[in-house]
Amino acid sequence: MSIRGAQMARRPCPLYYTEFGMAFVGDALNLLNLLRNDSINLVITSPPFALLRAKEYGNKPQEEYVEWLAQFAREIKRVLKEDGSFVLDLGGSYERGKPVRSLYNYRILIKFCDEIGFSLAEEFFWHNPSKLPSPIEWVNKRKVRVKDSVNTIWWFSKSEHPKANVKNVLIPYSERMRKLLENSEKYYTPQKRPSGHDISSRFSHSNGGAIPSNLLQIPNTESNSKYLRCCKIAGVKPHPARFPTKIPEFFIRFLTNPNDIVLDIFAGSNATGEAAEALQRKWLAFEVDKNYLSASAFRFMESENEKEIIKVYGELLAKEARNIPLLRTQRTILFRKESTDFYSQIFIRT
Ligand SMILES: C[S@@+](CC[C@H](N)C(=O)[O-])C[C@H]1O[C@@H](n2cnc3c(N)ncnc32)[C@H](O)[C@@H]1O
């Protein structure tokens, strides 16, 4: 192989790409290896969980799981920018045959901080009120444990001061606060607390919204999204463990600016890519299963024309790592690696 050929071989070819992002089929560890140091602003991902019952997308036994995931985390630390963040969603789990919780998500947290050198910027809890009760044995049959409806989401950072702006994720004020802002004299009189602390009248000024808490209440009840509609048309089973797009959307808004680069290393149905595209952040999706990644392209298709959906899906599945443009404008330009700044900005040049 010529030197040029060898250089090209180190650069992977996206399965598809959009105006802002690129989706690659492959093992995330191999793909991470090809990224430059200090090139990514945010990695947000939800790995295959260490659940006891094997999921259809494959799980490692709990003992191996923490070390398996640590390999990815070491590479993530290398590729993150100094003010970058790594957001990791982990579902809870029980030990086999016992009503005793696994500590794996906490072991991951401690290992990633103590051994890999991440800081825990903040822990988040994702409350999904629509989660089904499980495990059936302890929750439904014996009724000795309650429903687990919270995932832990660890927000790791490479440095102690990651880029973050709460102003980008303000939530609507409560009814009480709205009344106070409308008529602060009626509802609120600035006073000194018994401690002598002055609660000044600045509380009566609107800041455009309230500061959110680290409890994210987001149901996972998507039933009529474009992704699901297109899966149905193409006769494809939707990915079984999708993020609601509001999860990546929250962290992308909070931790990045437009044109920053967001990476999901276990992209599945590429909910992260969809959120990033809408927020005009550049994105990369890595996913080992070509079927899942091919169907994820539905999220970016402009048309819901049955023939077109089936055609694009068939092409994505059939072709060997070919890049198929799915720009919103449906332009049919060819993807040229050399001419794409974004591509050469992130992938290693030998
Ligand atoms: C929990 S799912 C992620 C779902 C995703 N957040 C979504 O919204 O669709 C985990 C994904 O990781 C993929 N996966 C497992 N091992 C992988 C690896 N070594 N490299 C890349 N992807 C992998 C699985 O195929 C699965 O789709």
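Two strands pair if DSSP finds at least two bridges between them; strands (E, at least two residues) and helices (H or I, at least four) are DSSP runs numbered from the N terminus. The model is predicted: local features need pLDDT of at least 70, side-chain atom pairs count only at pLDDT 80 or more, and totals for chains, interfaces and linings use all residues. Residues are numbered from 1 along each chain as its sequence is written.

**View 1. Strand β11 and its parallel partners β2 and β10.** Five bridges join β2 (residues 21-25) to β11, with phenylalanine 24 opposite phenylalanine 286. Four bridges join β10 (residues 261-264) to β11, and valine 262 has tryptophan 283 as its bridge partner. From β10 the chain passes through helix α10 (residues 271-278) to β11 in a right-handed β-α-β crossover (clockwise from the first strand over the helix to the second, with the strands pointing away from the viewer).

View 2. Valine 236 is partly exposed because 19 other C-beta atoms lie within 10 Å. Beyond neighbours within four places in sequence, valine 236 contacts Cys231, Ala295 and Tyr313 (C-beta atoms, placed from the backbone, within 7 Å). The C-alpha atoms of valine 236 and tyrosine 313 are separated by 9.6 Å.

Terms used. A residue is buried if 20 or more other C-beta atoms lie within 10 Å of its own, exposed if 12 or fewer, and partly exposed in between; C-beta atoms are placed from the backbone. Two residues are in contact if their C-beta atoms, placed from the backbone, lie within 7 Å.
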